[in-house]
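Here is a protein chain to look at.

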Amino acid sequence: MSVFNQSRSRVVQIIFLLIFVVILIQLINLQIFSSKYKLAAENNAIYRKIVYPDRGIIFDRKKKAMLENTISYDLVVTPIESKGADTLSLCALLNIDTAEYKKRMREIVFKYTAVKPSVFEALLSQELYAKLYENMYKFPGFNLTDRSVRTYPFNTGAQVLGYIAEVDTSFLRRHKEDGYEMGDYAGMNGLERTYEKVLMGERGIKRFVRDNKSRIQGAYENGMFDTTAVAGRNLYTSVDVEVQQLAEKLLANKIGSAVAINPKTGGIIAMVSSPNYNPNDLTGSARRKNLGRMLLDTARPMFNRAIKGQYPPGSTFKPLGAVIALDEGLITPDYGFPCYGSYTNCGVIVKCEHKNAGHAASLRLALANSCNSYFSQVFRMAIDNPEYHNSTLGYLKWKDYMNKFGMGTTLDVDLPSENKASVPDTSVYNRAYGRNRWNSCTILTLGIGQDKMTATPMQLANMMCIIANKGYYYTPHFVDSIEHEQRDDTVYLAKYRKKHSVIHTSDTVFRAVHDGMHDVTVYGTASAIKVPGVEYCAKTGTAQNPHGKNHSLFVCFAPKDNPKIAVAVIVENAGYGSTWAGPIGAFIMEKYLNDTIAADRLEEVERISKADLIPTAIKDWYVKKENQRQAKIFLEAEAAKAEREAESKQSTNDEEENSEKIPLGSEKNIEQLEMILPDNKNSKSTLPANKKDSSKKKSTNTTTTYMIDDNKKWLVKKSKA
Amino acid sequence: MSTRNIFVSKGVDWTIVTLYAILVGIGILCIFMVEYRSGTNWLQLFLGGKTNYSKQLIFAGVCTLVATFILLADSKLFTAFANLTYVFGILLMLATFVIGKDIKGSRSWIALGGGFNLQPAELCKIFTALALAKYLSMQNLDFSKKRSQLIAVGIVLLPALLARLQHETGLALVYLSFFIAMYREGLPAEILVIGISFGALVVATLIVDPNILAITLTLIAAILIYILRRQIKRNSRLLMIIVATWAICVGIQRFAVPYIFNNVFECYQSQRIYSAVGKDYDCTQNKHNKSEIAAGLKGSFKPDDYNVRQSKIAIGSGGFSGRGFLKGTQTRGKYVPEQHTDFIFTSLGEAFGFIGCAIFLMIYLFLLFRIVNIAERQRSTFSRVYAYSVASILFFHIAVNVCMTIGLFPIIGIALPLISYGGSSLLTFTVLIFILLRLDADRQMVLR
């Protein structure tokens, strides 16, 4: 029989061979021709952990940290891997419902695609982090990542420091080569933004091998592919935190700005824009809410008026006007002008505060008395300078001076989006009046810091620096040095170490200006404002503007003989420069120079801090906003009540009629309430727009108040039309 | 006796012993790869005997002992006790229904005490092989007769049935491998052809849409009738056969297969088979699942191809030359379930890639061919049938296990011979192979 079936032995062997060949073919298919399994294995097992470096810290001039880092945790999800997640328990932990969960998932998938890890819940509280950490194994696709978050121990300098925020898709598009990833944080404003590359450091990536329960088994390939995180470098600024705090306090409840610069270095000692906000509001979990509120706020707390606000400088411009005329050799310090209460040489009347003869008998006197006529005349002399044949060329020369002094140009401070304010170009006047149809008379009020001239508070402070330094300045800046400074950092700092010599007039010229400004503090407009133990120079300003009450301005530097600080203060719609801006500037100088405020003056600090000078329009806006909020709460409560009633009534017996009636009733409620609060909608639309004007100040209107001549008034109007 | 003891090695096929030793060595290495954790002192653990690879080494030692005893034994012993051990094995299997111990959901184990458990269905493979050999080597047996064929099939299928009743589907299927041995002894080839056709039809049913498959079958039948119309005219029975075959095929495809999947198989089994052909099985149609739901249990709905997916990832990530010894992340991360037992092949595939797998499979193939050669050189039918049984069992285990890990076969619990971790599995194959070697050493004797 065995002989009979011998051939079957071959068949059996062939069957064996056949199956093995099939297996080998499948092995070739799996191991050689499919690359996806290799990827899948890596995705399974290799856990890439991004090690965020500590962001650099920003110090003030006394090496106090203005901001610090703390650790916070984010819940990150990769939607495509989260299929098996225990949604219910996750929702319970995060205290959201499943609808919210689905909504967020949809948003994430829509915004960031399903395959990339994106933040599901940012900045978890410690307690929530602990709970989630214990339960992470239930949520495949979810991860907890730590990151450092800013805290601000002094609660100060929000607009200067800026904030960091998660990068969005447009940011990623703009910074493609910088290696940002979804979920990274980057500086979005202020110094955080300007010095982003210095502060961010270098991210490290660590690769771990993880097991089927996502437990880390050890480094992948002994860390061969790991890159270490390099901490961001620290910034050392010239800011004095205490001065900054004081300035913020003094400007509280006002709209305005203050800038203090060390004229010797250009380092900014304090920069305040009011209203401002607590920088800690933009970290932590309430960030989104606070940011929304601030962006909608009509007083614009996010808007840094110190570098973006455009204000007519008013009388604070006069020292500069004098310096220009002196440098051009048009006047000498002894030049005098007979003023009897107004300047009439141009047909228009420019009023002056003083009538007594001889109050402008010299430059020093004219400055001390802030004589409008004197400086109108000086301005006209500059424009009609016979050297330049016609007023257009004269004006161009004058404008050139202005630009050299940093007016009408950006100074290139180390904050983003600085505004250059405005020293109008000739084309502006050509358009307004026609080519060669304007002269020194037409633009007369430029000479007293009005007309179309505007300046930012920082420009005014810088102007003070130049005058204090007798002709040179360093570009205003915050950052004096960077930790472990490298060659590349010259991009940031070289420009701040270069001395800009504006003019080379003799000392005597500046001495006259200094003396005049000193006299202001002795018997002039600022005579009531003292800085204990310090002789200082100042100029007040009361700028007319189209948005209501005059702006209160004050520029100063101190000490007189060896200037260490130059300050510019503006309080919007607050009246005379000496009433509000003056004392604020004085306190800033005192704090910086004496390191403390004299005990008997602290009361005054409190008085100024509490004084509420916010324009009524803005206050009204707040009131209405609050009313709307209250009404909304009330209506919601009403609606809920009505609903409850409807339900209870429905359950008793009459079904259809009641259920229809009661919602109708609640709608009536809404209408009634809207009648109680009539101009909700109006206030919303008009007020913010109104406010926008007041802070951007296209001050064409200013002129009209001076131009008594009807024809000219008409001209201006026509030109506007 | 004494002379034989001195020459115990005489006539032993050392090639097979060497292959055996190599495979057991590879097995321990693979288990070591699965168990290894970086940073642990593996030598200490190894010597401590707590880890699976050291346990497997101990098992290997025990097996060496057992193998020596077998080689020392008289080959007449096996023929003499063949029927007795078979009966004993069947009784043991029956006993499990009474005193069985529940391990991983199947009551197929008997506790031996001291933490050791015995799986009678595993042992029964040896007994069945011996019993089949004994039956087929009966002097007055004519295997071409239907009756003797049925008895032989009965001998094989009885333990298979019992194993199935113990929910050990994998072990039950192994008994099908005896058909290869029986085929060699003269079982009609038609049975194999019909079996393979049935398998092909079931797979086709799963893959192809039922209506399209029915139309295809009808077309094939019609074309056959057209081609064979001459013969049909002469012999009308041919037509009958074709029509009957067609009816059976369509019947299987339409009713039998869905019935089996919905009513005979458990939900997870249906799912595994479906997922092996890359399809999802809807568990709501499953009778077992329905009754589970009716009984208030959760029931299973989700198709779960995690095992096979991870297994394929592990093997696939090995690439051509592998990721290197102890470098495989799938193995280190324990992504493949049951990797030290049923999925041991994955650790090999990941670490040594296609080259390693091919060499490994060649060793197996060489072993199988060697056994077939040995079988053919036997003078006694008993030895030959037994040798073919061993080859078939080994082949079936290897083929099913490897196909399962590379996604060509549904997942069933079948160990990779001599490689997978587990004392009883290793012992069973050792005994199987060394009985063969003992018989082969005495091939000059005529055994009945």
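The questions below test some labels against their definitions.

Q: What kind of model is this, and how are its parts numbered?
A: This is a predicted model, where local features need pLDDT of at least 70, side-chain atom pairs count only at pLDDT 80 or more, and totals for chains, interfaces and linings use all residues. Residues are numbered from 1 along each chain as its sequence is written, while chains are lettered from A and ligands numbered from 1 in the order in which they are written.

Q: Why is helix 13 of chain A called mostly covered?
A: A residue is buried if 20 or more other C-beta atoms, placed from the backbone, lie within 10 Å of its own. In helix 13 of chain A (residues 318-328), 9 of the 11 residues are buried. Among them are A:L320, A:V323 and A:I324. So the helix counts as mostly covered.

Q: What makes it a helix?
A: Helices are DSSP runs (H or I, at least four residues), and strands are runs of E, at least two; both are numbered from the N terminus.

Q: What covers the buried residues of helix 13 of chain A?
A: The cover includes helix 14 (363-369), helix 16 (391-404) and strand 18 (537-543) of chain A.

Q: How do you know that strand 3 and strand 5 of chain A pair?
A: Two strands pair if DSSP finds at least two bridges between them. Strand 3 (residues 68-77) and strand 5 of chain A have 10 bridges, so they pair, in the antiparallel sense. A:D74 stands opposite A:T145 in strand 5 of chain A.

Definitions and conventions: A residue is buried if 20 or more other C-beta atoms lie within 10 Å of its own, exposed if 12 or fewer, and partly exposed in between; C-beta atoms are placed from the backbone. Two residues are in contact if their C-beta atoms, placed from the backbone, lie within 7 Å.
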